[in-house]
Amino acid sequence: DSCPNRRLRAIASSLRASAELYRQSSANSTRDVAGEHEQLMDAALARQADRAVGLLTDHLRATAHNARL
């Protein structure tokens, strides 16, 4: 193992499993998730905080909605 801390490995494993569930729930979506991520990155790099917050809020709401379907 690359990390000797068993607890951190367990946390990382749990996060990977959760992320995979969200990824799978988005697989049938018509959303352009990569495009959403790119827009978020562009706003952050441009230091457009208000835009980045709005994009992230929309992204998380859509992800949560898809996870409930």
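This is a predicted model: local features need pLDDT of at least 70, side-chain atom pairs count only at pLDDT 80 or more; totals for chains, interfaces and linings use all residues.
1. Start at the surface. Leu8, Ile11 and Leu15 together make a nonpolar patch there, with about 300 Å² of accessible area between them. Leu8 sits in helix 1, which covers residues 6-26. Its relative accessible area is 48%, and Leu8 is therefore partly exposed.

2. Stay on helix 1 for two further residues. Ala17 belongs to this helix. With a relative accessible area of 43%, Ala17 is partly exposed. Tyr22 is also found in helix 1. Tyr22 is partly exposed, and its relative accessible area is 43%.

3. Now look for salt bridges. The search of the whole structure turns up one. Which residue pairs with Glu36? The partner is Arg31, and the closest N and O atoms are 2.7 Å apart. The cut-off for such a pair is 4 Å, so this contact counts. As background, side chains of opposite charge can pair when their charged atoms come close.

4. Next, the packing of helix 2 and helix 3. Their axes come within 8 Å of each other and cross at roughly 160°. That angle makes helix 2 roughly antiparallel to helix 3, because angles over 145 degrees count as such. The crossing of helix 2 past helix 3 is left-handed.

5. One residue pair is worth checking in this region. Val53 lies in helix 3. Val53 and Leu40 are 13 residues apart in sequence, and their C-alpha atoms are 8.5 Å apart in space. Is Val53 buried or exposed? Val53 is exposed, with a relative accessible area of 51%. The cut-off for exposed is over 50%, so the value qualifies.

6. Last, the loop. Arg47 is placed between helix 2 (33-45) and helix 3 (49-68). For context, most residues other than glycine have a negative phi. Arg47 counts as exposed, because its relative accessibility is 77%.

Methods: Residues are numbered from 1 along each chain as its sequence is written. Side-chain values use heavy atoms; hydrogens and water are left out. A salt bridge is a side-chain nitrogen of Lys or Arg within 4 Å of a carboxyl oxygen of Asp or Glu. Helices (H or I, at least four residues) and strands (E, at least two) are DSSP runs, numbered from the N terminus. Buried means under 20% relative accessible area, exposed over 50%, partly exposed in between (1.4 Å probe, protein chains only). Patches are made of residues with over 30% relative accessible area and no salt bridge: like charges are joined within 9 Å, nonpolar side chains (Val, Leu, Ile, Met, Phe, Trp, Tyr) within 5 Å. Accessible areas come from the Shrake-Rupley method with a 1.4 Å probe; for residues, only the protein chains shown count as cover. Axes are lines fitted to C-alpha atoms, for helices over the stretch in contact, and angles run from 0 to 180 degrees between N-to-C directions. Angles under 35 degrees count as roughly parallel, over 145 as roughly antiparallel, 65 to 115 as roughly perpendicular and the rest as oblique. A crossing is left-handed if the near helix is turned anticlockwise from the far one by less than a right angle, and right-handed if clockwise.
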